[in-house]
Amino acid sequence: MESRQNKYIGNRPGGPRTSRDDKSEMIFGTRPILEALSAGKELEKIFLQRGARNPATDEIVQLAKRFEVPVVTVPLEKLNNLTRKNHQGAVALISPISYVPLQETVTALFEQGKNPLLLILDRVTDVRNFGSIARNAECMGVHAIVIPSRGGAQINADAVKTSAGALHLMPVCREPNLKDTIDYLKESGFQVVACTEKTEQNLTDAELDMVGPTAIIMGSEEDGISPEYLKRADARVRIPLMGQIGSLNVSVATGIILYEAMKQRLHDSSSNTSH
């Protein structure tokens, strides 16, 4: 994994990032995209015209893979819908945030004496849900959000706005394989907790200690957490509901379980202080 520049400011990895209000800021053409990748510019996603392979697009794919930037091949009509400019079969979306490497983030947190609290989002695709989740996470002491390189929400100006600026403060780690990520976190001493409807264990009844290093997984709006991630979780809990509707919005559910983690950590902190 080849990482970009990563700064650690204050008590949290990451730090304030420059905001971009233009949610459609793009780079057009193969040469400008190659130059942006080579210069380490943070790209959210690259669209290449389907069937238009050439040495320049091959080089884009290679560099994008090295820097873990998602590449999608799309019909010409899709590119034309993105822009009317001469795109030469290649368009890149510029990310409004800078991603940080997970391993460096975890190492820094342990070196600072923290009990890390991470949030893993499995295929949460709605931009506003993602922004709301980031706001919850920042308010409730999450140290970093982990998302997949593919299949997640596009982080754009709408996401930043919905987050109320939290995405300028909250480190986001973009990982190519969440299965490997979960395995790495467990090997590093994290407890992995899955918040899912597919269990009988209620959050309110569970003897779940989230004071130590913990990673909470939240699943997609459509079908929840992937089975391969569920089976890797150390604990699976559900949020009990009393109404007739069987599920909560993912951002609301995230806020509830993060509040429980924060409550435990605040109680532990006050108990240690009083001794």
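**Salt bridges in a predicted model**

Lys-179 counts as partly exposed at 24% relative accessibility, where buried means under 20% relative accessible area, exposed over 50% and partly exposed in between (1.4 Å probe, protein chains only). Lys-179 forms a salt bridge with Asp-180, with the closest N and O atoms 3.4 Å apart, a salt bridge being a side-chain nitrogen of Lys or Arg within 4 Å of a carboxyl oxygen of Asp or Glu. By this rule the count comes to eight salt bridges.

This is a predicted model, in which local features need pLDDT of at least 70 and side-chain atom pairs count only at pLDDT 80 or more, while totals for chains, interfaces and linings use all residues. Residues are numbered from 1 along each chain as its sequence is written, and side-chain values use heavy atoms, with hydrogens and water left out.

**Asp-183 and Arg-232**
- The side chains of Asp-183 and Arg-232 meet in a salt bridge at 2.9 Å, N to O.
- Asp-183 lies in helix H7 (residues 178-187) and Arg-232 in the loop between H8 and strand E12 (235-237), so the pair ties together parts that are 49 residues apart in sequence; helices (H or I, at least four residues) and strands (E, at least two) are DSSP runs, numbered from the N terminus.
- Asp-183 is partly exposed, with a relative accessible area of 25%, whereas Arg-232 is buried at 19%.

**The network around Arg-123**
- Salt bridges that share partners join Asp-122, Arg-123 and Asp-223 into one network.
- Within it, the side chains of Asp-223 and Arg-123 meet at 3.0 Å, N to O.
- Asp-223 is partly exposed at 43% relative accessibility, and Arg-123 is partly exposed at 25%.
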